[in-house]
Amino acid sequence: MLMKHGMNSRFAFLDYAKSCTWASSPVFRRQQFLIRSLGSCSDQQTKYNKMQATKSLEADAENILRTITPCLDLSRHKGQAGKIAVIGGCREYTGAPYFSAISALKIGADLSHVFCTKDAAPVIKSYSPELIVHPVLEESYSVRDEDKRSISSKVLAEVDKWMERFDCLVIGPGLGRDPFLLDCVSEIIRHARQTNIPIVIDGDGLFLVTNTLDLVSGYALAVLTPNVNEYKRLVQKVLSCEADDRVAHEQLQSLAKQIGSVTILRKGKSDLVSDGETVTSVSIYGSPRRCGGQGDILSGSVAVFLSWARQHILAADPNSNSSISTKNPTVLGCIAGSALMRKAASLAFVSKKRSTLTGDIIECLGRSLEDICPA
Ligand SMILES: NC(=O)C1=CN([C@@H]2O[C@H](COP(=O)(O)OP(=O)(O)OC[C@H]3O[C@@H](n4cnc5c(N)ncnc54)[C@H](O)[C@@H]3O)[C@@H](O)[C@H]2O)[C@@H](O)CC1
Ligand SMILES: Nc1ncnc2c1ncn2[C@@H]1O[C@H](COP(=O)(O)OP(=O)(O)OP(=O)(O)O)[C@@H](O)[C@H]1O
Ligand SMILES: [Mg+2]
């Protein structure tokens, strides 16, 4: 019907449809949503056709994971398999940055740093001697108003000393929502962009970015990993409507496009990944256990695979037939990170069932990668 009349008569179409029972059908409501979200520009018909044609293809996740994971080679030196930094960890949350940073190491990164508040640092250090922990962030309660400017510069200088060494930053696990701390983290994001360091934004980092979209808008090396709540807030803010599962793929694609250049990994029963151009799903494995902390594992996992995907693409023979080397590395990183996290969760669930915790899943990361891509 819509195609027959063309988009010029879309309002006539809506009027007609409202008057019949079909107007209350899910198909009609879905079309209405699409039409509204297209705006009123002249190439609506093309846009509409494109959106109708948007198919979320299930990713060939294991193949991607196998292709981008670097070989273990005696000639390589420390650091070449990845240096990751997590910006997060405050008085309330010390588990989240730990889960993210330790997951990066367990998957195969060489070094994993955590930049957190002074209170959180000794706690995070006590979980593991493997992590390099920097107690540099400050929350409002410990800073006088007159000192805010100088402390903010100090925080930034501390992080900047290290910035260029990192292959990827994960911003947000257990960060908290203190306004002064978030202001400092905004500056860290700006510096990461200037230095072209990829960033994975999760947890409270998404709270910050949702309220200040400019921080990531137009940055192709930014990945957002929202859970259900975080996704709803992003959709409300950016698309001015409610998240709607009936048009999940189109909505995700519009969201990524509207924010500009970023890649979004929407977590859920199936993980959906879009950079605004394509939408891909990862539905393999997974577990029915929903303990907190699995998203933190995912953020560390995506950071490592994103770094490996970039390395793989840089080293790829331009004449090779591998279609993977022509893909967006942020999308590849999301697909591989998601698949590995879901496989580890399913393995942990087989042995731990209802008592599966995040630590159990982390313990399964190595075996999961080994099953797919033997060392
Ligand atoms: N062991 C740990 O330290 C863990 C810490 N975590 C951290 O906990 C923090 C919060 O993550 P969640 O996954 O719980 O985040 P959610 O956004 O899913 O929920 C946070 C809380 O905010 C509430 N909320 C919903 N909408 C809101 C709005 N518009 N404004 C303010 N609050 C709203 C929710 O009801 C919920 O109670 C993050 O920093 C996250 O990284 C989690 O990763 C879980 C594990
Ligand atoms: N219903 C589901 N079925 C299967 N897997 C799921 C389901 N929901 C989420 N997951 C998987 O769990 C992982 C974490 O997603 P989740 O939505 O729990 O993140 P989160 O809320 O940010 O976690 P965190 O507690 O670490 O903050 C994702 O990789 C996703 O694939
Ligand atoms: Mg989370």
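Mentor: A term to begin with: helices (H or I, at least four residues) and strands (E, at least two) are DSSP runs, numbered from the N terminus. This is a predicted model, where local features need pLDDT of at least 70 and side-chain atom pairs count only at pLDDT 80 or more, while totals for chains, interfaces and linings use all residues. Residues are numbered from 1 along each chain as its sequence is written, and chains are lettered from A and ligands numbered from 1 in the order in which they are written.

Trainee: Thanks! Which element gives the most to the shell around ligand 1?

Mentor: That is α11, with three residues. The shell holds 17 residues, and Gly95, Ala96, Gly203, Asn229 and Gly292 are the closest. A residue is near a molecule if its C-beta atom, placed from the backbone, lies within 6 Å of it.

Trainee: And what about ligand 2, which element gives the most there?

Mentor: There α13 leads, with four residues. Ligand 2 also has 17 residues around it, with Asn227, Gly286, Gly292, Gln294 and Gly295 coming nearest.

Trainee: How does that shell divide by class?

Mentor: Around ligand 2 there are two nonpolar, nine polar and six charged residues. Here Ala, Val, Leu, Ile, Met, Phe, Trp, Tyr, Cys and Pro count as nonpolar, Asp, Glu, Lys and Arg as charged, and the others, Gly among them, as polar. The shell of ligand 1 has four nonpolar, nine polar and four charged.

Trainee: What does UniProt list for "binding site"?

Mentor: The unreviewed entry lists several residues, including Val228 and Asp296. UniProt positions are given in the numbering used here, feature names are shortened, and annotations may be inferred rather than shown by experiment.

Trainee: Is valine 228 buried or exposed?

Mentor: Valine 228, in helix α11, counts as exposed because it has 10 C-beta neighbours inside 10 Å. The cut-offs are 20 or more other C-beta atoms within 10 Å for buried, 12 or fewer for exposed, and partly exposed in between, with C-beta atoms placed from the backbone.

Trainee: And aspartate 296, buried or exposed?

Mentor: Aspartate 296 sits in helix α13 and counts as buried, because it has 31 such neighbours inside 10 Å. Leaving aside neighbours within four places in sequence, aspartate 296 is in contact (C-beta atoms, placed from the backbone, within 7 Å) with Ala96, Phe99, Ser100 and Pro173.

Trainee: New topic: how much of the chain is buried?

Mentor: Buried residues make up 45% of the 375 in the protein chain.

Conventions. Two residues are in contact if their C-beta atoms, placed from the backbone, lie within 7 Å.
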